[in-house]
Amino acid sequence: MMFHFCTHDDTIFYIYSISLVELNPIPLHVYAATIEIVNFNEKRRSVLANMGSRSVLNIFVMLVFVGWLFMWVMLPTKTYKYSWTPQLKNKLNSAYFREQGTNLLLFTFPIMLIAALSCVYLHLYSKSTSDHSSTNGNNKGQRQYFGSLKRTVVVMEPLGIVNAVELTFAAMFTLLLIWSLVNYIYVSYSNLHMHNPAVKVWMTKFRSVSLRLGYLGNICYAFLFFPVTRLSSILPLVGLTSESSIKYHIWLGHLSMALALLHSVGFIIFYAMSNQMIEMIEWSSTYVSNVAGEIAIFVAIAMWVTSLYKIRRKMFDFFFYTHQLYTLYIFFYLLHVGVAYICMILPGIFLFLIDRYLRFLQSKRRARLISSRLLPCSTFELTLSKNPALSYNPTSILFVNVPSVSKLQWHPFTVVSSSNLESDKLSIVIKSVGSWSQKLEKQISSSPDRLEISTEGPYGPSSSPFLSRECLVMVSGGSGIAPMISIFRELIYRSTFQPNTKVPKVILITAFKNTSDLTMLDLLLPFSTTPFDISNLDFQIEAYITRENDPQEHDNNLEASQNKRLIQTIVFKQNPKDSPISAALGKSCWLWLGVIISSSFFMFLLLLGLVTRYSIYPVEREGKMYHYSAKIIWDMFLVCASIFIATSIIFMWQKRENEIEGKQIQNVEMPTNPTNSPAANLCGTERELESLPHQSIVQATRVHYGARPNLKRILFDCKASDVGVVVCGPKSMRHEVAKICASGLAQNLHFESISFNW
C-alpha cells in the first residue's frame with residue numbers, strides 16, 4: 001500500500017513515497033524528468049509507427065503511379081490495340097459502363113486512388129512533424145540525398161531555374177510524346193483506314209498524323225490541371241506547391257496549344273485538299289463534334305495569347321478575365337474528344353473541380369480584419385483574425401478579394417505571420433505596385449470603420465526543410481522580403497519556445513531601392529502581445545540601398561517628411577458576421593479531403609453506372625445509336641453533381657464546427673498609436689528604442705548605400721557544412737543565386753527559389 005504527497009522545504013520540493021516499510025524522499029525535478037523520459041519514449045514509438053505507416057503508403061502509391069505511367073507507355077502500341085484492348089473490352093465494357101469501362105479502370109481509377117491515399121499520408125505526416133525536435137536529426141541523410149536530386153542544373157530562358165528532378169521528368173515526358181507519336185503513326189500506317197475511297201492514300205496518311213497530334217495534346221491535358229489545384233494532395237507528395245508548380249502548367253499549356261494548333265491546321269488542310277470543307281460545320285450524332293473542337297480551339301487561342309509573358313505583365317486584368325473562359329473551353333473540348341478519351345484526362349479535371357468548389361465555398365465567408373499597418377514605403381500589412389487550430393508553414397500564401405476594389409479579382413500574398421507564434425492572427429504584406437493594390441492602400445489610408453475582405457487558403461508547403469539547416473542564407477529583393485519575414489518569425493518561435501530544437505544561423509541579405517524601404521525590416525518582429533525572445537537566435541542582416549549613395553541625403557529631408565515616415569496603424573471595427581480565417585475542412589483537413597475525393601468519385605461511378613444501364617444501354621441494345629454528345633454531357637453533369645453533393649455536405653458539417661470555435665475567439669486588441677520603429681534607427685532618426693528585440697534587430701543590421709550585394713562572395717564565405725540558400729526577388733537575382741549554387745564550387749550550398757512572378 002502506497003501514498004504520495006508533496007511538501008515544500010525551503011526551495012526544494014519532494015515527493016514522499018510512503019509504504020508500510022519505508023519513507024523515501026524523491027526530488028520533484030527527478031520525478032518530472034522521469035515522466036518526461038517516459039513521455040518521450042512513448043512519443044518516439046508513436047513517431048516510428050507513424051513513419052512505418054507512411055512508408056508503406058508511399059511504396060504502394062509509387063507502385064500504382066508507375067503502373068499508371070506504364071499504361072500510358074503501352075497505349076499507342078500495337079500490343080495494346082490488338083492484344084489487350086479486345087480482352088479488356090470483353091471483361092470491362094459492361095452494360096453499366098460500356099466503352100468507358102476500360103479507361104475508367106486503367107487511367108482514371110489509379111490517380112483517384114493515389115489522391116485519396118495521399119490525403120491519408122499527408123495527415124500522418126502532419127502529425128509526425130508537429131514535434132520539430134523529433135525530426136531534426138533523423139532525416140539528415142535523407143535530406144542530403146534528395147537535396148542532391150534537387151540541385152539546380154539549368155538556368156536559362158525560357159525554362160528558368162530547373163533542377164535535376166525537373167529536367168529528368170521533362171526529358172521522360174518528351175520521350176513519352178515522341179514514343180507515342182512514332183507508335184501511333186506506325187500502328188495507323190500498318191492498317192490505314194480509308195474513310196473516303198475518293199481520298200488519296202497520302203492524304204489519308206496526312207489526316208492520320210494530324211489526328212495523332214491531337215492524341216499527344218490529350219496526354220498534355222491529362223497533366224495540365226494538377227499544377228493549378230491549390231488544395232492538392234498529390235503535389236505535396238512530391239514536395240511541390242501550387243505556386244511553385246505553376247511553371248509546369250505554363251510549359252504544358254504552351255506544348256498542348258502547339259499540338260492543338262497543329263492538329264487543327266492539319267485537319268483544315270486535309271479538308272481543303274479532299275474537298276470536304278463541309279465537315280468543319282458538322283455536329284455528328286454518332287461521333288465527336290468538329291464544331292465543338294473549333295469553338296474550343298478559338299477559346300484556347302484567346303487564353304493562350306493573353307497568357308504570353310509580355311501581355312500578361314502589361315495587361316494582367318485582361319489576362320485574368322480571359323483565363324476565366326477555361327470552363328467554356330473544357331466544355332467544348334470534352335465534347336470534341338469523346339467519352340473514352342474523357343476518362344484519360346478526367347482525374348486532373350475532377351480534382352481541380354473539387355478544389356475550385358471548395359475555394360468558392362470558403363470565399364463566401366467574410367474574414368475578420370483586425371488592423372492594418374501602413375509603412376512609409378508604399379507597403380502595408382493586413383492583420384486578420386484566425387482560428388487557433390489553423391496551422392501553416394512559412395512561405396505560405398493567402399488569396400485575397402476585396403469587393404470594394406474588385407468583386408472578381410483574387411490576388412495572392414505571402415503570409416508573414418507564424419501560426420505557432422501568433423496563434424490567433426494571420427498577417428499578409430502588400431506592396432502597392434499595381435492598380436488593385438494602390439486602390440486598396442488608398443481605401444485603407446482613409447481610415448474606414450470596416451473593410452469587407454474574403455480569403456482563400458492559406459496554401460503552402462507541407463514541410464520546410466531549410467529550417468533545419470546548419471546555416472540559412474536568405475536573399476531577397478524589394479517585396480521579396482515577405483517570405484523571409486515568415487521564415488524569421490517561425491525561427492523566433494522555435495528559438496523561444498523550443499529550446500531543444502536546433503535553429504540555424506540566419507544571414508539575411510536584402511536589397512531595397514530607397515531608404516524608406518528599410519521600414520519593411522520592422523515586420524521581422526510580430527506586432528503581438530505574445531512575449532518572445534530572440535536572444536537565442538544567431539542572425540545578421542545586410543541591407544543594401546541601391547539608389548541612394550549618401551545616407552546624409554536622407555537625413556537632410558527627414559524632418560520635412562517625419563510625419564509621413566511614422567508607421568500608421570489603423571484598427572477596424574468588428575462585425576459579428578465576420579469570422580476568423582479557418583481551414584476549409586477543419587483540423588483534419590487532409591482526411592476530410594480524402595473523404596470528399598473517394599465519396600464523390602464513388603458517387604460518380606454509381607450514378608454513371610445507373611444512367612448507362614437504364615438510359616443508354618437500352619437504346620444501344622436495340623441497335624440504335626445514343627447521341628454521342630449526350631453521353632459526354634451526361635458524364636460532365638454527373639461529375640459536377642457528385643462533387644457538389646459530397647463537397648457541400650462535408651463543408652457544411654465543418655463550417656458548423658468552425659463557427660462554434662469562432663465564437664469562442666475573442667477580438668484581438670491592438671495598440672492604435674505605435675510610433676517606434678527599429679528601422680527608423682537604421683535610417684538615422686533619433687527615437688527611443690521600443691524593446692530589446694528591436695534593439696537586437698538594429699544591432700544586427702548593417703546598411704550599405706549605393707551598392708549591390710556581392711552574392712558570390714557572401715555565399716562562398718559560408719563555411720558551414722550544410723547551408724540552405726533561399727532567394728525571392730527579381731528574376732535576375734534568382735538566376736544569379738541559382739548559378740552560384742549550381743556552379744559546383746561550393747557543395748555545401750542547397751538552393752531553393754521562391755517566385756510569385758510567373
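Start by selecting Arg 98, which sits in the loop between α2 (78–92) and α3; helices here are DSSP runs of H or I with at least four residues, strands are E runs of at least two, and both are numbered from the N terminus. Arg 98 is not a glycine, yet its phi is positive, at about 55°. Its relative accessible area is 24%, so Arg 98 is partly exposed (buried means under 20%, exposed over 50%, partly exposed in between, with a 1.4 Å probe and protein chains only).

A word on what you are viewing: this is a predicted model, where local features need pLDDT of at least 70, side-chain atom pairs count only at pLDDT 80 or more, and totals for chains, interfaces and linings use all residues. Residues are numbered from 1 along each chain as its sequence is written, and side-chain values use heavy atoms, with hydrogens and water left out.

Next, select His 123 in helix α3 (residues 101–128). His 123 counts as buried because its relative accessibility is 16%.

Now move to Thr 395, in the loop between β7 (379–385) and β8 (397–401). Thr 395 is another non-glycine residue with a positive phi, near 70°. With 13% relative accessibility, Thr 395 counts as buried.

For the next stop, pick Gly 457 and Pro 458: the peptide bond from one to the other is cis, with omega near 5°. Pro 458 lies in strand β11 (residues 454–459).

Finally, zoom out to the protein chain, with its 22 helices and 18 strands. Of its 758 residues, 51% count as buried.
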